[in-house]
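Here is a short tour of one protein chain, meant to be read with the picture open beside it. Take a look at the structure, then follow the headings below.

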Amino acid sequence: MEQLKVIKIGGHIINDQQALDDFLTTFTAIKGLKVLIHGGGKVATELAHKMNLEVKMIDGRRITDSETLDIATMVYAGKVNKTIVAKLQAKQCNAIGFTGADGNTILSKKRDVEEVDFGYVGDVVKVDTEIVEVLLSRKRTPVFCAITHDGHGLLLNTNADTLAAELAIALAKNYETELYYCFEKKGVLQNVTDENSVIKNINLENYQDLKSQGIIADGMLPKLQNCFHAIQNGVKKVCVGLPDMLQNSNSLFTTISN
């Protein structure tokens with residue numbers, strides 16, 4: 001099986017033009033097959049403020065009403081996605097931008113209303129990798145934003161970490177797939193005030209201990225849930241850390257294992 005890297009970048013990288021350019025240089029230098037997934041929440045938040053629209057968050061998660069969905073689509077599928085694709089072309093990485101609707105790649109359903117109505121938020125129900133695999137076979141690089149669809153004409157805002165995990169799992173059927181979550185920290189930290197206190201390996205056993213101690217909390221919890229979901233469903237390797245982990249195996253980062 002061919003090797004494939006599925007790489008997700010967070011908002012801090014997207015918001016910093018120098019950090020984004022540095023990342024895309026690193027990404028371009030990666031040999032072999034690769035897929036990029038990005039969010040872009042802070043850019044969407046800035047645009048919402050400029051348009052005098054209220055940004056509603058509950059427990060760190062965005063409420064996506066119809067106006068917010070319009071902004072998310074414009075920012076994620078438009079400005080951010082096409083900017084990344086254009087920058088990759090400038091670096092001789094032949095990239096193609098995607099939403100989940102393109103090629104019917106990622107089908108979602110509108111999240112059920114339980115305690116909170118998150119609005120037009122999509123939970124992934126099916127991934128069809130046929131188009132992606134055709135592009136990979138021709139040495140093209142798919143770049144996915146965090147917009148999916150429901151199969152009935154409705155676009156949905158979807159968590160980019162979840163999208164990355166589901167895409168990696170689907171591709172693992174035909175590739176030896178590795179999943180990398182690149183963000184602004186060197187990895188999962190033992191002490192949030194010490195940037196070098198990286199926990200090098202997290203498995204299910206010490207994950208429960210770290211949660212009970214409050215070391216892993218807040219936004220890191222859903223990220224690691226996605227990591228474990230991927231590693232338990234066919235993805236060979238899952239790592240969390242700075243982008244330099246993509247090329248430097250000696251750098252500090254966190255590896256997730258069973």
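## Starting at the surface

This is a predicted model, so keep that in mind as you read. Let's begin with K236, which counts as exposed because its relative accessibility is 51%, and the cut-off for exposed is over 50%. Its side chain meets that of E176 in a salt bridge, with N and O 3.1 Å apart. The two partners come from distant parts of the chain: E176 belongs to strand β11, K236 sits in the loop between α8 and β13 (237-241), and 60 residues separate them.

And E176 itself? With a relative accessibility of 27%, E176 counts as partly exposed.

## More charged pairs

Side chains of opposite charge can pair when their charged atoms come close. How many salt bridges does a search of the whole structure find? The search turns up eight.

One of them joins K5 and E178, whose closest N and O atoms are 3.7 Å apart. This pair also ties together distant parts of the chain, since K5 is in strand β1 (residues 3-9) and E178 is in strand β11 (residues 176-182), 173 residues apart. Are K5 and E178 buried or exposed? Both are buried.

Another bridge runs between K223 and D161, with 2.9 Å between the closest N and O atoms. Here helix α8 supplies K223 and helix α6 (residues 160-171) supplies D161, and the two are 62 residues apart. K223 counts as buried because its relative accessibility is 9%, and D161 is buried too, at 10%.

## A closer look at helix α8

Helix α8 has twelve residues and reaches 17 Å from its first C-alpha to its last, close to the 16 Å expected at 1.5 Å a residue. Its buried residues are M220, K223, L224, N226, C227, F228, A230 and I231.

Let's pick out N226, which is in helix α8 (residues 220-231). Why does N226 count as buried? Its relative accessible area is 10%, and buried means under 20%. Leaving out residues up to four places away in sequence, N226 touches N159, D161, T162, A165 and Y181. Notice D161 in that list: it is the partner of K223 in the salt bridge described above.

## A pocket and its lining

The second largest pocket holds about 160 Å³ of space. Which residues line the second largest pocket? They are T28, G32, L33, K34, Q92, C93, N94, K139, R140 and T141. Sorted by class, the lining has two nonpolar, five polar and three charged residues.

Most residues other than glycine have a negative phi, and most peptide bonds are trans. Q92, one of the residues in the pocket lining, has a positive phi near 65°. You'll find Q92 in the loop between α4 (66-90) and β5 (95-98), and Q92 is exposed, with a relative accessible area of 69%.

N104 also has a positive phi, near 55°. Where does N104 lie? Look in the loop between β5 and β6 (106-110). N104 counts as partly exposed, because its relative accessibility is 43%.

Technical notes:
Residues numbered from 1 in each chain as written. Predicted model: local features only at pLDDT ≥ 70, side-chain atom pairs only at ≥ 80, totals over all residues. Heavy atoms only, no water. Helix = DSSP H or I, 4+ residues; strand = E, 2+ residues; numbered from the N terminus. Buried < 20%, exposed > 50% of the residue type's maximum accessible area, 1.4 Å probe, protein only. Contact = heavy atoms within 4.5 Å. 1 Å grid on protein atoms, 1.4 Å probe; cavity = no way out; pocket = protein on both sides within 12 Å on 5 of 7 lines; lining within 4 Å. Points joined across faces, edges and corners; volume = space filled by probe spheres on them. Nonpolar A, V, L, I, M, F, W, Y, C, P; charged D, E, K, R; others polar. Salt bridge = Lys/Arg side-chain N within 4 Å of Asp/Glu carboxyl O. Expected span 1.5 Å × (residues − 1).
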